[in-house]
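Keep the structure open as you read.

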Amino acid sequence: MKHILFVCTGNYYRSRFAEILFNHYSAKSNTDSRSFSRGLEVFKANNEGPISKYAHSYLRDIDLEIDMARFPKQIDEIDFLISDEIILLDEAEHRPMMAQYFPELVDDVTYWDFQDIQFKSPNEVLPLLERKIRGLLKSS
């Protein structure tokens, strides 16, 4: 089984959305891939609850069940070791964090360009991220 790790800053909005959506579509298409997600700076986040209200609303609108008991998780070195593919969701934001926390791995991951909520509206980001995830599944 292939394990894909989605990473954002707080593991609250983009990476959680990507994880849930990827696993849903992967199960529907019977692929041998699963994902999980983590955050680079969960310890700095001021999150309210287990998942962003924007991600929750989008997923609910497409009839997906969400694990509301699972709160954001901080990334750890073991997460890199157990992953076959590692995707950080915004290169401009996350490359410097990788250089700070995991400098030896900064060039060993894939970077996407999905900006956080203070820079781009969830109405723009989430549909594009959904398309990117569907494309990733087709190539898995």
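## Starting at T9

Let's begin with T9, which sits in the loop between β1 and α1. (Helices, H or I and at least four residues, and strands, E and at least two, are DSSP runs numbered from the N terminus.) T9 is buried, at a relative accessible area of 14%. Buried here means under 20% relative accessible area, exposed means over 50%, and partly exposed is in between, using a 1.4 Å probe and protein chains only. Skip the neighbours within four places in sequence, and T9 is in contact with R14, G39, L40, E41, V42, E93, H94 and M97; contact means heavy atoms within 4.5 Å.

A word on the ground rules: this is a predicted model, where local features need pLDDT of at least 70 and side-chain atom pairs count only at pLDDT 80 or more, while totals for chains, interfaces and linings use all residues. Residues are numbered from 1 along each chain as its sequence is written, and side-chain values use heavy atoms, leaving out hydrogens and water.

## Two positive phi angles

N11 is in the loop between β1 and α1. It isn't a glycine, yet N11 has a positive phi of about 50°. Is N11 buried or exposed? N11 counts as buried, at 0% relative accessibility.

D63, in the loop between α2 and α3 (77-81), also isn't a glycine and has a positive phi of about 65°. D63 is exposed, with a relative accessible area of 68%.

K73 lies in the loop between α2 and α3, and, leaving aside neighbours within four places in sequence, K73 is in contact with N11, R38, G39 and V42. K73 counts as partly exposed, at 38% relative accessibility.

## The nonpolar cores

In soluble globular proteins, nonpolar side chains tend to be buried together. A nonpolar core, as used here, is a set of buried Ala, Val, Leu, Ile, Met, Phe, Trp, Tyr and Cys residues joined through side-chain atoms within 4.5 Å. Which residues touch the most other members of the largest nonpolar core? They are F6, F17, L59, L89 and W112, out of 26 residues in that core. At least two residues of this core come from each of β1 (2-8), α1 (14-28), α2 (53-61) and α5 (122-139). Another core lies apart from it, with 14 residues that include V7, L40, F102 and V106.

L89 shows what such a position looks like up close. Beyond its neighbours within four places in sequence, L89 is in contact with F6, V7, C8, R14, S15, H94, W112, D113, F114 and L129.

A18 is in helix α1 and counts as buried, at 0% relative accessibility. Setting aside neighbours within four places in sequence, A18 is in contact with F6, S35 and I133.

L136 belongs to helix α5 and is buried too, at 9% relative accessibility. With neighbours within four places again left out, L136 is in contact with I4, F6, F22, E85, I87 and W112. The C-alpha atoms of L136 and F22 are 8.7 Å apart, although the two residues are 114 residues apart along the chain.

## Aromatic pairs

The structure holds 6 aromatic pairs. Rings of Phe, Tyr and Trp (its six-membered ring) pair if their centres lie within 6.5 Å; planes under 30 degrees apart count as stacked, over 60 as edge-to-face and the rest as tilted. F17 and Y58 make an edge-to-face pair, 5.2 Å centre to centre with 80° between the planes. F17 is in helix α1 and Y58 in helix α2, so the pair ties together parts that are 41 residues apart in sequence. Both F17 and Y58 are buried.

W112 and F114 have ring centres 5.9 Å apart and planes at 70°, so this pair is edge-to-face.
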